Amino acid sequence: MPQPASIQVVAHAPKKPVELIAMVIGHSSARLPRVVEAAAARMAKGEGPAREMLLTPEGRYLLIKPEEKPWLIGGEAWRILGGRIAEAVRTAKVTTAEILVGGKAEIPALVEGLILGDYRFDQLRSGKEAERKPLTIHLPGHSGIIEAIAAGTATARAQNLARELCDLPPNLLNPEIFAKRALAELRGLSVQTKTIAGCAALRRAGFPGLAQVGQAGSAAPHLIELHWRPRGVAPGARSVRLALVGKGITFDSGGISLKPGDKMWEMKADMSGAAAVLAAMTQIARDKVPVAVDAYLCLAENMPDSLAQRPGDIYKARNGKSIHVDNTDAEGRLVLADVLTYACERGATHVVDVATLTGACVVALGEGIGGLMGRGEGFLELVRSAGLDVGEEHWPLPLYGEYRELLDHPHADINNIGGRWGGAITAGLFLAEFVPDTVKWAHLDIAGPAIRTGGWRYYAKGMTGFSTRTLVNLARKLA
Ligand code: BES
Ligand code: MN
Ligand code: ZN
């Protein structure tokens with residue numbers, strides 16, 4: 001089970017006076033002590049700091065203003081605000097607070113910001129560092145508040161599950177442990193599951209890519225299938241079947257094409273796609289989103305040893321195409337390829353794969369934006385807007401046909417790398433070979449935003465669980 005959140009957001013007014021009152025400037029008409037009122041008025045006019053802590057005989061006040069920046073869309077300004085309030089509460093070393101905020105605020109996003117902002121991966125720390133007292137944050141009881149808090153809490157908890165999986169070190173989260181944890185998280189949620197474990201079973205079942213990549217891993221590669229079928233929606237009544245496919249490399253050393261040591265540790269989060277898919281699936285099932293969803297977690301560890309696949313290996317993929325493994329560090333596309341084919345065989349009408357696939361995507365778009373490629377203009381636009389609604393940016397890159405020849409190889413149908421330039425695009429073009437073109441398909445390359453180890457917006461240092469919110473919102477939009 002995920003670590004219990006150490007912050008709780010509640011709707012009712014506090015029974016005892018709270019230790020800190022956060023006043024959201026421009027979004028509350030609550031009465032305040034005179035000095036606080038004066039400071040709030042100044043701040044509303046844009047004078048003075050954007051945040052101020054005031055100690056008065058009536059109590060401790062935090063005055064804070066939502067940031068207005070044109071790029072903060074889909075509730076991000078409210079998440080950042082929530083993150084700042086959580087931080088201020090921790091800094092003040094208090095455990096109860098109240099936020100004065102009116103009904104026009106984006107409450108779910110504010111609640112997400114509080115819970116996402118208060119997340120720390122501290123389960124492996126000891127002593128004082130690991131001490132985090134439970135916080136209770138009260139919100140005023142206007143109409144709809146209970147539902148708004150519940151929605152924000154559910155989203156943030158799901159995303160924090162993805163973050164925890166990404167933050168867990170690779171010795172404590174190998175493919176086997178990930179698989180067990182995935183099933184444990186889904187217990188009681190009426191999601192059908194199927195597991196294929198180990199190289200032999202994977203090859204037999206037609207997933208040679210997972211076996212190739214995982215054959216030297218310290219634990220066996222796994223394919224986990226998850227099937228959500230909403231009740232009351234007759235099969236066939238709805239034509240949409242959404243498939244989510246997540247890259248789940250629990251550690252990517254590069255394999256025989258070993259990566260340099262600098263920041264190699266970040267590759268413990270090379271399962272961010274699978275983590276986001278699993279997290280989204282828990283919320284889709286918990287919320288009973290009325291659309292059929294199949295999820296696939298492609299779990300393997302990419303390691304070098306005498307059993308590892310070699311540069312030069314050629315093997316036949318599920319769809320019959322032969323693949324030349326030029327570089328064992330281009331492993332994500334190998335584990336995804338067969339599973340994309342399989343998801344389509346099983347009747348998916350819309351497929352989304354999520355992967356920390358290429359450093360090139362980070363070069364192209366920077367660390368704040370995911371790459372978006374695929375087939376079906378309308379669907380790609382839907383995926384993009386599903387992200388924008390919830391403050392996650394995925395920008396289109398072209399699946400430019402002319403670059404397909406960069407993946408040509410004299411001895412196989414396709415090479416697994418495409419040379420120096422346009423690496424995010426050639427990775428997308430590789431995946432495209434394994435998705436029939438009758439299926440609507442989006443590929444999300446989240447190598448940048450999933451791994452913001454320096455901290456970002458309301459995310460503390462560590463992994464972000466990026467795309468979790470997008471996937472859940474997409475399922476809702478397709479329902
Ligand atoms: N997991 C990496 C991509 C990655 C890099 C994610 C940096 C997050 C941050 C992926 O498996 C990889 O190694 N890609 C190679 C592809 C290359 C060999 C064609 C890369 O990006 O260098
Ligand atoms: Mn790699
Ligand atoms: Zn990788």
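This is a predicted model: local features need pLDDT of at least 70, side-chain atom pairs count only at pLDDT 80 or more; totals for chains, interfaces and linings use all residues.
Local features here need pLDDT of at least 70 and side-chain atom pairs count only at pLDDT 80 or more, while totals for chains, interfaces and linings use all residues. Residues are numbered from 1 along each chain as its sequence is written, and chains are lettered from A and ligands numbered from 1 in the order in which they are written.

Let's begin with ligand 1. It is surrounded by 18 residues, where near means a C-beta atom, placed from the backbone, within 6 Å. The closest are Asp329, Ala330, Thr356, Gly359 and Ala447. Which helix gives the largest share of this shell? That is α10, residues 359-365, with three residues. Helices (H or I, at least four residues) and strands (E, at least two) are DSSP runs numbered from the N terminus. By class, the shell has eight nonpolar, six polar and four charged residues. Here Ala, Val, Leu, Ile, Met, Phe, Trp, Tyr, Cys and Pro are nonpolar, Asp, Glu, Lys and Arg are charged, and the others, Gly among them, are polar.

Buried means 20 or more other C-beta atoms within 10 Å of the residue's own, exposed means 12 or fewer, and partly exposed lies in between, with C-beta atoms placed from the backbone. Among the buried ones are Ile425, Leu429 and Phe430. The buried residues of α12 pack against α10, α9, β13, β14, β16 and β17, a contact being C-beta atoms, placed from the backbone, within 7 Å.

For contrast, look at Arg231, in the loop between β8 and β9. Buried or exposed? Arg231 is exposed, because it has 7 C-beta neighbours inside 10 Å.

Now the helix pairs. The axes of α8 (272-286) and α13 (468-478) come within 8 Å and cross at roughly 45 degrees; axes are lines fitted to C-alpha atoms, for helices over the stretch in contact, with angles from 0 to 180 degrees between N-to-C directions. So α8 is oblique to α13, as angles under 35 degrees are roughly parallel, over 145 roughly antiparallel, 65 to 115 roughly perpendicular and the rest oblique. Their contact has eight nonpolar, two polar and no charged residues.

Finally, α3 (107-118) and α4 (145-167) pack at about 40 degrees, axes 8 Å apart, and are therefore oblique too. That contact divides into 12 nonpolar, five polar and two charged residues. Thanks, everyone!

How values were computed:
Two residues are in contact if their C-beta atoms, placed from the backbone, lie within 7 Å.
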